[in-house]
Amino acid sequence: MTPEMNRRSFIKQTMAATTASAIAVQIAGGSAPAAEEAPKAAAPADALPMGKIGKLQVSRVLLGGNQLTGYTHSRDMQFVVNLLRHYNTEAKLLETLAVAEQHGINTLSMNKHPQAQAILQKHRKNGGKMQWILHPTTPLDPTMKNYEEEIRELIGDGAEALYVWGCRSDELVAKSKMDLLVKAVELSKKHGVPCGVGCHDLNVVVECEKQKVPCDFYIKTFHHHKYPTAPKPEQLKGVVAEVPGYWCRDPEKTIEVMKDVTKPWIAFKVMAAGTIKPQDAFRYAYENGADHILAGMFDFEIQQDVSIAKGILGDLKRARAWYS
């Protein structure tokens, strides 16, 4: 099997490269020494580059949260969800967080999820330093009471930044309820953390820029349509679709709009839910303007994916300036 055939074929190589001490302190219930006694792996000379969002130093690759929350875009292959949940036990997720940090990823992003947040808390108690960018899931209404309560909860749990969930933003803009979107951003910022706006629909960015919404960053889907199961033009009927799978309806228009946006851009769904190889997906995202990429990765994928990102970032031509 060649590397071109399967990007996930290097599990043995990756697991061999992971030091036992770096992982042991993260795994619950093990007999490893306390975190302060564990030897620390030396930072690599070619560390993963960082950007800045608010006052946060954020790695150019962020760890996606679907593995933590047990969700996957598996289209009609329902067994994939069960496979994911059986593989990613609590111990395996703690290991994944440790491996990510070992390879220079210092930030993750996911939605509010009590079980996953408990694992993140345990990771921190074991010495982990991973930063969290989370989003509330409460629907927005004019009172904003429940939404603000969730903001307090997430910040109290340890979130360093928040953003308005893309599903909410898409809906609010489609229904011309920009006032609620503005309130959501302002409430988070009032509580002292950076706040972004997530979206699948490019119109969200367009309207936010037009109305000068005071967000600190965007989390916008971004991938090309050059993969075997990509949608044909006549199939682009909604903002997103599971079948045929796409999450960025108009990548060319996205490039055009984002080149004039001067706020940090975290691109997500860059691999179109696993259908685009990371070499292709990462280069496309970085070269066309993304400041950071949010990538869902299993523990055994992290080392190679970070290596790919570092190689691309070291040999990159892009028209859009770095805004992070």
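This is a predicted model: local features need pLDDT of at least 70, side-chain atom pairs count only at pLDDT 80 or more; totals for chains, interfaces and linings use all residues.
1. Let me start with the salt bridges, of which the structure holds 16. One of them pairs Arg124 with Glu160, with 2.6 Å between the closest N and O atoms. Arg124 belongs to helix α6 (residues 114-125) and Glu160 to the loop between α7 (145-157) and β6 (161-164), so this pair ties together parts that lie 36 residues apart in sequence. Arg124 is partly exposed, at a relative accessible area of 23%, and Glu160 is also partly exposed, at 23%.

2. Glu148 and Lys190 are worth a look as well: they form a salt bridge whose closest N and O atoms are 2.9 Å apart. Here Glu148 of helix α7 is linked to Lys190 of helix α9, and 42 residues separate the two.

3. For a pair of sequence neighbours, see Lys259 and Asp260, a salt bridge with its closest N and O atoms 3.2 Å apart. Lys259 is partly exposed, with a relative accessible area of 45%, while Asp260 counts as exposed at 55%.

4. Is Lys92 buried or exposed? This lysine, found in helix α5 (residues 90-102), is buried, with a relative accessible area of 15%. Leaving aside residues up to four places away in sequence, Lys92 touches Tyr87 and Asp299. A network of salt bridges links Lys92, Glu95 and Asp299.

5. Now to helix packing. The axes of α8 (residues 166-174) and α9 (residues 178-190) come within 8 Å and cross at roughly 145 degrees. On the α8 side, Ser169, Leu172 and Val173 meet Met178, Leu180 and Leu181 of α9. Five of the residues in this contact are nonpolar, one is polar and none is charged.

6. Helix α12 (residues 278-287) has as its buried residues Pro278, Ala281, Phe282, Tyr284, Ala285 and Tyr286. After α12 comes Gly289, with a positive phi near 120 degrees.

7. Finally, the surface: Met77, Phe79 and Leu83 make a nonpolar patch of about 330 Å². Leu83 sits in helix α4 (residues 79-87) and is exposed, with a relative accessible area of 53%.

Methods:
Residues are numbered from 1 along each chain as its sequence is written. Side-chain values use heavy atoms; hydrogens and water are left out. Patches are made of residues with over 30% relative accessible area and no salt bridge: like charges are joined within 9 Å, nonpolar side chains (Val, Leu, Ile, Met, Phe, Trp, Tyr) within 5 Å. Accessible areas come from the Shrake-Rupley method with a 1.4 Å probe; for residues, only the protein chains shown count as cover. A salt bridge is a side-chain nitrogen of Lys or Arg within 4 Å of a carboxyl oxygen of Asp or Glu. Helices (H or I, at least four residues) and strands (E, at least two) are DSSP runs, numbered from the N terminus. Buried means under 20% relative accessible area, exposed over 50%, partly exposed in between (1.4 Å probe, protein chains only). Axes are lines fitted to C-alpha atoms, for helices over the stretch in contact, and angles run from 0 to 180 degrees between N-to-C directions. Contact means heavy atoms within 4.5 Å. Ala, Val, Leu, Ile, Met, Phe, Trp, Tyr, Cys and Pro count as nonpolar, Asp, Glu, Lys and Arg as charged, and the others, Gly among them, as polar.
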